[in-house]
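Let's take a walk through a protein model together.

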Amino acid sequence: MKKLFSMLLVLAMLLSCFAMPAVAEDGWATLRVEVFDRNVAGFNLEDCMQLHYVQEKFGDPNHIKVEFVPVSRWDEGEILTTQMSGTTAPDICITYNGNLVNQYIDMGGLKQLDDLLNEYAPNLKAFLGDELLTYGQFDTDEDGVKEQYVIPARRIAVANVGNFIRGDWLAALNMEKPTNIEEFEAYLVAAKNANLGGQMTIPLDFGLFKSDPLINVKRFTDPFIDYSKVTEEDWFAYSLNHEMLPGSKDGYKWLNKLYHEGLINESFAIQDDDTGDRYRVQGYFGFFSQQPDQPWRTDKNFETEMEKNVPGSYWTPVNCLKNVYDNRTLHDVYAPNGLSIIIPGWVSDETAINAIKYLDWMSEYENMFFLQNGTEGKNYLAVNEDGIPIQVQATDTVEDAYKMHAGDVCFISNGLFYGSDEKNAAATAIPFTGYEDLVKESYGYAYTDTWTSVSFSVAIQAETDFGEMVKSKQGEFLVKVVTCAPEEFDAVYDEAIQAILNAGAQDIIDEHRAAYQAGNFRGTFPGAPTAE
Amino acid sequence: MLVLPVAFYLIFCYKPMAGVVIAFQKYNLFKGIFGSKWVGLDNFKFVIEKMRDFPIALYNTLLLNMMGLIAGFPVPIILAIMLNEIRSTKAKRLSQTLLYLPHFLSWVIIGGMVLQIFAPTTGVINQLLLSWGVIDKNIPFLTDGIHWQITYTLVGVWQSMGWGTILYLSAITGINMELFEAAKIDGANKLQQVWHVTLPGIRGTIVVLLILNVGQMMNIGFDRPYIMGNPLVQDYCDVLSTFVYRAGITNAKFERATAIGLFQSVVGLIMISLANLAAKRMGEQGIW
């Protein structure tokens, strides 16, 4: 018995000591690639159609065994850090957490990629373009020349904002689509009074997104900003703190009013993430704001699910969050870079070459097309005259063996790519069979009065130090100012703003300001409209 | 047979202890413990001076643990005594099992149950009380600071009370039956037997558990406050473990997380020593 135990122990210790060897004895190399896992039922990333294709077309000819390492999309940053500190991270890592990447670079933990890209990645460089590549360049040795540490994925569609209203409710109320805040509020009130969603009617879907509480809320409060009082410098300094820009306070006051009129989910602060989705398909909501194609997506189709529960109900895009001062409907769009692709510093040169070769292979159109669209007859039924797949099948209707996750495997492209901007634009509406016009309309709104979201080309140390603290205080701020008694609003607002500043926002604002003054910023300032 | 537990402590408790040094470093996760720069007490200074949530988290940790101790410590003792008095073995087993079942539920599940039961408007309790006309306004179990802390404490008591009885029950079984018989002959009723025989008989166990509990004052689990908490009661539910998660783990500042952890341990050591000293002064055995 004793012997057995000690043997088990020795075995356990040995196992924990083994790091993953990159080259196998038989001359075959291993390439471990991180892929986001979104828990699609019936879909196994480690043994999926896309991986088999990669192995057959890229792995076998090059004597490389490709492995996908699934990482939960929602905890990817924390998992990556854990893997990095234990040197178990995959050979190709991906993350949306730019802050983390900046830290890794500061610590000297990433592979420098300039030579590798020049030598092994002509297709990849062509696909990404020189301008986009600058998003991954950092001057770490302070010699004035920037080095490539990150390969930024290319964002195909930069549209970010989609606002949706219940078409059937509008008809029932005999109302037109609202075009400004006033009409919007009138719709919410009328919907509530008529109890269009039954006892549970919640005219405005409003949730608390814990990991970044104000990122979507600002869609409701930014229309109250008086841009004539905002300088460009302040815009960049307060890029993470729109709640402090002139006029925002009125926006929160408005939300407070809506809350007390019962137009917002009363317990939004404690409801979990799934509740909102459930309420949405049960038809309780009269309005929600997410991505431009959200109601009709193949993986989570709110529209068809809701129609099953409430016959005749439908979502239609609306453009009603109009600025109260200048009548623009501003929409933020993503920067042209998507997620960050990195290679850890300890990865051997041969493996790094294989990694870059893999990315280069991925950017060849034929391969990208397969990885993004899957198999004709299974994932889509035909292609149109532009070569764009039509009759795309919803994920849950595809046989398990053909299930796939387009964007997550082909991560050099954030969004489906069909060869040119025109084709990409034409393609955005095609997968949404039956809803093409609505999708087009939604994208039309999303590209109205746009400004590109702000980022900085230097690491903002205060964001690393205080970012999480500030976000948590922003969540507290949001809940407090929306739910407090209207007569206490001013006092609560001032106090909560001060709490955000004290939690470290002041340091972040100051550092942003310094970065702006040094010219290390990206993105656009919408500014005040010029007189016509 | 001691090999396994000893190995467990060596591998999982003593070896990682070496990592404590990163509390005094500017930790570089690529260079590891040996390649990182030493910075003295900078991490402690940063946490205490720059992170304004730290004192709040510290205070809440102590407060919630104190509340848990006051409300939760006597309950298993009372339950154990009550269980001990049940005659029917079947009834005893059944009630014991039912009592310690919650211990095996994950906090994620309990968190969901708490939301269903205590939520404002949609929660079962508020709906019942409202429909009966007992109250005319929601009781903010989860949305008001003090209410939340009480809910948190009571849920914790409910979850752990059955499990806590096991130790006391076995201590009670260890009491010499002759003492009870002698008390009975002297004419002691049930309550007097409990007071004069059972309680003194398990006093040693109670003291040891109390000392251990006091030593745990600075420690608080992560899942329970994280799952039950919400931004409405942020100032009341933020504790050291959730603070460490935010300040250290989510943005890869391991050195700060370690500094806070070390601080916790040192204070815990001081507290447990004091409790032990006090117990010895009162004539009990203590734990060392």
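A bit of housekeeping comes before the tour. This is a predicted model, where local features need pLDDT of at least 70, side-chain atom pairs count only at pLDDT 80 or more, and totals for chains, interfaces and linings use all residues. Residues are numbered from 1 along each chain as its sequence is written, while chains are lettered from A and ligands numbered from 1 in the order in which they are written.

Let's start with chain A. Its secondary structure comes to 21 helices and 17 strands; helices (H or I, at least four residues) and strands (E, at least two) are DSSP runs, numbered from the N terminus. Along the principal axes, the C-alpha atoms of chain A fill a box of roughly 75 × 65 × 55 Å. A compact globule with 532 residues would have a radius of gyration near 24 Å, and chain A agrees with that at 25 Å. (The radius of gyration is taken over C-alpha atoms, and the globule rule is 2.2 Å times the number of residues to the power 0.38.)

Chain A is divided into domain 1 (20-157 + 338-408), domain 2 (161-207 + 265-333 + 432-453) and domain 3 (228-261 + 457-523), with bounds that come from an automatic or database domain assignment. Taken over C-alpha atoms, the centres of domain 2 of chain A and domain 3 of chain A are separated by 26 Å. Their contact takes seven residues from domain 2 of chain A and five residues from domain 3 of chain A; two residues are in contact if their C-beta atoms, placed from the backbone, lie within 7 Å. On the domain 2 side you'd find five nonpolar, two polar and no charged residues. Here Ala, Val, Leu, Ile, Met, Phe, Trp, Tyr, Cys and Pro count as nonpolar, Asp, Glu, Lys and Arg as charged, and the others, Gly among them, as polar.

Now, how many residues of chain A are in contact with chain B? There are 30, and they meet 26 residues of chain B. Helices H1 (2-17), H3 (76-85), H4 (98-106), H20 (461-483) and H21 (489-517) of chain A each supply at least two residues of that side of chain A. H20(A) gives the largest share, eight residues. By class, this side of chain A has 11 nonpolar, 14 polar and five charged residues.

Next, hop over to chain B. The axes of helix H12 (residues 203-215) of chain B and helix H16 (residues 254-281) of chain B come within 7 Å and cross at roughly 155°. (Axes are lines fitted to C-alpha atoms, for helices over the stretch in contact, and angles run from 0 to 180 degrees between N-to-C directions.) That makes H12(B) roughly antiparallel to H16(B); angles under 35 degrees count as roughly parallel, over 145 as roughly antiparallel, 65 to 115 as roughly perpendicular and the rest as oblique. Among the residues making this contact are Val207(B) and Ile211(B) of H12(B) and Met271(B) and Ile272(B) of H16(B). In total, the residues of this contact divide into seven nonpolar, three polar and no charged.

H16(B) also packs with helix H15 (residues 240-249) of chain B, at an angle of about 155° with their axes 7 Å apart. H15(B) and H16(B) are therefore roughly antiparallel to each other. This contact divides into seven nonpolar, three polar and one charged.
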